[in-house]
Amino acid sequence: EVAAELEEPCIEFLWDMEKFFDSISLEVLFEQLSAHGYPVELMLLGAQQHRAPRIFKVGATLSCMVADFGVSILAGCQQSVSFVRGLMLGFVQALSYQLYRGLSVCDQHVDDLAQVISDPSSRRVVAAAVRIALRVKSWARRLKLKISVKSKITPDCTESRQVAARLVKHD
């Protein structure tokens, strides 16, 4: 909105991870949480809760099948929100502050990221967009996640539209 008011070129990424809650590696999650000082006791209790087998209630009866959710955390659990924020914290901070100061803002809503890049120079916007896209790809691989095809790129100028078209063609 500010970029539009200032008539500055901008590009927005809406990052979505494929089957996010069903593909979180607990090893990677706890590694990231530990790096940010998350209490070990809460991690252990969370691991027990999120990795426990589940029995499903169907109507008035219980299923005899026990589900094992090997690589998964419960999406509806409040601790899941804390887990996800801890998993993505360093990455969101890097995109917002360290890598592209003045050009980039990254907001997080649980597992979705909104990345807006603006600058008076369309050339700098395009260069930052390419760096950010490569950084997101690298980050997703490191955390054993996959960027969803539902992710969106919204360019607002000719140069950023051309870059968006190139980025969409690449994995």
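Guide: Two strands pair if DSSP finds at least two bridges between them. The model is predicted, so local features need a pLDDT of at least 70 and side-chain atom pairs count only at 80 or more, while totals for chains, interfaces and linings use all residues. Residues are numbered from 1 along each chain as its sequence is written, and side-chain values use heavy atoms, leaving out hydrogens and water.

Let's begin with strand S5. Strand S4 (residues 104–109) pairs with S5 in the antiparallel sense, over 6 bridges. Ser104 has Ile117 in S5 as its bridge partner. Between S4 and S5 are 2 residues, making a hairpin, and Val110 in its turn has a positive phi of about 50°. S5 (residues 112–118) is also joined by 6 bridges to strand S1 (residues 10–15), and these two run antiparallel as well. Here Ile117 in S5 stands opposite Ile11. In a regular strand, side chains alternate between the two faces of the sheet.

Lys152 and Phe13 are 139 residues apart along the chain, yet their C-alpha atoms are separated by 5.7 Å. Contact means heavy atoms within 4.5 Å; leaving aside residues up to four places away in sequence, Lys152 touches Glu12, Phe13 and Leu14. Buried means under 20% relative accessible area, exposed over 50%, and partly exposed in between, with a 1.4 Å probe and protein chains only. Lys152 counts as partly exposed because its relative accessibility is 47%.

Next comes helix H5 (residues 122–142). Its 21 residues reach 30 Å from first C-alpha to last, close to the 30 Å expected at 1.5 Å a residue, that expectation being 1.5 Å times one less than the number of residues. Its buried residues include Val125, Ala129, Ile132, Val136 and Trp139. Seen down the axis of H5, the buried residues fall within an arc of 165°, so they line one face of the helix; the arc is that of the directions from the axis to the C-beta atoms. On the face turned away from them are the exposed Arg123, Leu134, Arg141 and Arg142.

Arg142 leads us to Gln32, which touches Arg142 along with Gly86, Leu87 and Leu143, again not counting residues up to four places away in sequence. Gln32 lies in helix H2 (residues 26–35) and counts as buried because its relative accessibility is 12%.

Terms used
Helix = DSSP H or I, 4+ residues; strand = E, 2+ residues; numbered from the N terminus.
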